Amino acid sequence: TPVAIVSNATVPEQTVVETTLATYANDVEKACPKSPAIIIIGDSVKIRSLLKDFQQTISTPLNIKTDA
């Protein structure tokens with residue numbers, strides 16, 4: 001089962017740890033995600049790869065393309 005831990009969501013310091021329930025404990029111990037954090041469990045984690053082009057970072061501003 002996929003798991004994602006999102007720390008500092010929506011700010012430039014955002015980090016995401018993607019793992020599975022089987023390896024969650026070891027991966028979280030290695031990554032040491034900071035508070036505040038949200039834990040997402042299940043198939044919802046899989047859509048992150050579909051949305052990665054829309055993720056805003058401090059070095060890459062969000063560019064929304066329109067037909068206009």
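This note goes through a predicted model of a protein, from its overall layout to single residues.

1. Basis. The model is predicted, so local features are given only at pLDDT of at least 70 and side-chain atom pairs only at pLDDT 80 or more, while totals for chains, interfaces and linings use all residues. Residues are numbered from 1 along each chain as its sequence is written, and side-chain values use heavy atoms, with hydrogens and water left out.

2. Layout. The protein has two helices and three strands. Helices (H or I, at least four residues) and strands (E, at least two) are DSSP runs, numbered from the N terminus. Along the sequence the pattern is β-β-α-β-α.

3. Surface and contacts. Of the 68 residues, 15% count as buried. Buried means under 20% relative accessible area, exposed means over 50%, and partly exposed lies in between (1.4 Å probe, protein chains only). The protein exposes about 5,500 Å², and carbon and sulfur atoms supply 57% of that area. Accessible areas come from the Shrake-Rupley method with a 1.4 Å probe; for residues, only the protein chains shown count as cover. Among contacts with a separation of 6 or more, 51% join residues 24 or more positions apart; contact means heavy atoms within 4.5 Å.

4. The sheet. Three strands form an open sheet in the order S2-S1-S3, with antiparallel pairing. S2 and S3 (37-41) are the edge strands, each pairing on one side only. Neighbouring strands are turned by 15 degrees against each other on average, direction ignored. Two strands pair if DSSP finds at least two bridges between them. S1 and S2 pair over six bridges, and Ile-5 has Val-17 in S2 as its bridge partner. S1 and S3 pair over five bridges; in S3, Ile-38 is the bridge partner of Val-6, and Ala-37 stands opposite Ser-7.

5. The helix on the sheet. Helix H1 (residues 24-31) packs on the sheet and touches S1, S2 and S3; its direction makes about 155 degrees with that of S2. Axes are lines fitted to C-alpha atoms, for helices over the stretch in contact, and angles run from 0 to 180 degrees between N-to-C directions.

6. Strand S1. Six of the six residues of S1 are buried, so the strand is largely enclosed by the rest of the structure. In a regular strand the side chains alternate between the two faces of the sheet. In S1, Pro-2, Ala-4 and Val-6 point one way, and Val-3, Ile-5 and Ser-7 point the other way.

7. Ser-7 lies in S1 (residues 2-7) and is buried, with a relative accessible area of 1%. Beyond four places in sequence, Ser-7 touches residues including Glu-13, Thr-15, Pro-33 and Ala-37. Asn-8 lies in the loop between S1 and S2 and is partly exposed, with a relative accessible area of 23%. Leaving aside neighbours within four places in sequence, Asn-8 is in contact with Glu-13, Gln-14, Ser-35 and Pro-36. The C-alpha atoms of Asn-8 and Pro-36 are separated by 5.7 Å, although the two residues are 28 residues apart along the chain.

8. Thr-19. This residue is found in S2 (residues 15-20) and is buried, with a relative accessible area of 8%. The side chain of Thr-19 makes a polar contact with the side chain of Thr-23 (2.8 Å) and another with the side chain of Asp-27 (2.3 Å). A polar contact is a pair of N or O atoms within 3.5 Å; within protein, one must be able to donate a hydrogen and the other to accept it, and residues adjacent in sequence count only if both atoms are side-chain atoms.
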